Amino acid sequence: AEFRRNGYASVTLKDIAARAGLRAGSLYYHFDTKEELVLAVLSAGVEAAAAATREAVDALGEGADPLARLRVAIAAHLRVVLAEGAYASANLRILGQLPDAVRERHLEQQRAYGAFWQALFRDAAAAGAIRPDLDLSVVRMLALGALNWSVEWYRPGRRTPGEIAAHAATLLVDGIARPGARRPRRRRTR
């Protein structure tokens, strides 16, 4: 929460310890530096999203429709991002403020998760489910950017994370689907 609210540069270990109800020295038991702590915070967010997304896609099984795989990936990623918004928001806010070595270590983790998404889009394209005129790298970056940015505007109450995920899946998947590709039956929401 401190990184999300105040950015990387202005947060001290003392601030974080106070927020956690600890003494600053207690944090050094777990983290030698602020850089290690911020890397752990950022990694937790990426790991949670990656694990939930992979689990949701794997639950469909090997032969699942590639567009269905994209839909469940979108829903799982968005649920984690909105449920654990502090991690995602901290990531968005402080990535550019990090020391180069810390940023590069974190970007390696993000790239690995991005490769998972790249495979989802590539598999859908290979199956003929995605329009051939689209650059899949651009599609992936736009999709993940939109999903991740939702933490900045989403407020609980009006729509559930599941409803937001359904909207996102409709916009993203239907927008890239080749005409005539299978689409799930639509459910009405409010």
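What share of the contacts in the protein between residues at least 6 apart in sequence join residues at least 24 apart? In this predicted model, the share comes to 71%, and the legends below go through several places in the structure.

**Figure 1. Overview of the protein, whose secondary structure comes to nine helices and zero strands.** Read along the sequence, the elements follow the pattern α-α-α-α-α-α-α-α-α. The protein has 190 residues, of which 41% count as buried. Among contacts between residues at least 6 apart in sequence, those that join residues at least 24 apart make up 71%.

**Figure 2. Helix α4 (residues 34-60) beside helix α7 (residues 100-126), with axes that come within 9 Å.** The two axes cross at roughly 10 degrees, and α4 and α7 are therefore roughly parallel to each other. On the side of α4, the residues that make the contact include Glu 35, Val 38, Leu 39, Leu 42, Val 46, Ala 50 and Val 57, while on the side of α7 they include Val 102, Arg 105, His 106, Tyr 113, Phe 116, Trp 117 and Leu 120. Sorted by class, the contact of α4 with α7 has 13 nonpolar, five polar and four charged residues.

Figure 3. Glu 35 is partly exposed, with a relative accessible area of 29%, and it is one of the α4 residues that make the contact with α7. Although Glu 35 and Ala 101 are 66 residues apart along the chain, their C-alpha atoms are separated by 9.3 Å.

**Figure 4. Leu 60, placed in helix α4, with the residues in contact with it.** With a relative accessibility of 36%, Leu 60 counts as partly exposed. Once its neighbours within four places in sequence are left aside, Leu 60 is in contact with Ala 68, Arg 69 and Val 72.

**Figure 5. The salt bridge of Arg 71 with Asp 174, in which the closest N and O atoms are 2.6 Å apart.** Arg 71 lies in helix α5 (residues 66-83) and Asp 174 in helix α9 (residues 161-176), so the pair ties together parts that are 103 residues apart in sequence. How accessible are these two residues, buried or exposed? Arg 71 is buried, with a relative accessible area of 14%, and Asp 174 is buried as well, with a relative accessible area of 16%. In total, the count of salt bridges in the model comes to three.

**Figure 6. Two further salt bridges, one between Glu 104 and Arg 111 and one between Asp 133 and Arg 131.** The side chains of Glu 104 and Arg 111 meet at 2.8 Å, taken from N to O. Glu 104 is partly exposed, with a relative accessible area of 36%, and Arg 111 also counts as partly exposed, at 47% relative accessibility. For the side chains of Asp 133 and Arg 131, the N to O distance is 2.8 Å. Here Asp 133 counts as exposed, at 55% relative accessibility, whereas Arg 131 is partly exposed, with a relative accessible area of 30%.

**Figure 7. Arg 140 in helix α8 (residues 136-153), a buried residue that has no salt bridge.** Which side chain of opposite charge is nearest to Arg 140, and how far away is it? The nearest one is that of Asp 135, at 7.8 Å, and a salt bridge would need a side-chain nitrogen within 4 Å of a carboxyl oxygen. Not counting residues up to four places away in sequence, Arg 140 touches Gly 114, Trp 117, Gln 118 and Phe 121. One of these, Trp 117, is also among the α7 residues that make the contact with α4.

**Figure 8. Ala 115, found in helix α7, and Arg 140, found in helix α8.** Ala 115 is partly exposed, with a relative accessible area of 45%, whereas Arg 140 is buried. The two residues are 25 apart in sequence, and in space they are 9.6 Å apart, C-alpha to C-alpha.

Technical notes. Residues numbered from 1 in each chain as written. Predicted model: local features only at pLDDT ≥ 70, side-chain atom pairs only at ≥ 80, totals over all residues. Heavy atoms only, no water. Helix = DSSP H or I, 4+ residues; strand = E, 2+ residues; numbered from the N terminus. Buried < 20%, exposed > 50% of the residue type's maximum accessible area, 1.4 Å probe, protein only. Lys, Arg positive; Asp, Glu negative; His and termini not counted. Contact = heavy atoms within 4.5 Å. Axes fitted to C-alpha atoms, helices over the stretch in contact; angles between N-to-C directions. Parallel < 35°, antiparallel > 145°, perpendicular 65-115°, else oblique. Nonpolar A, V, L, I, M, F, W, Y, C, P; charged D, E, K, R; others polar.
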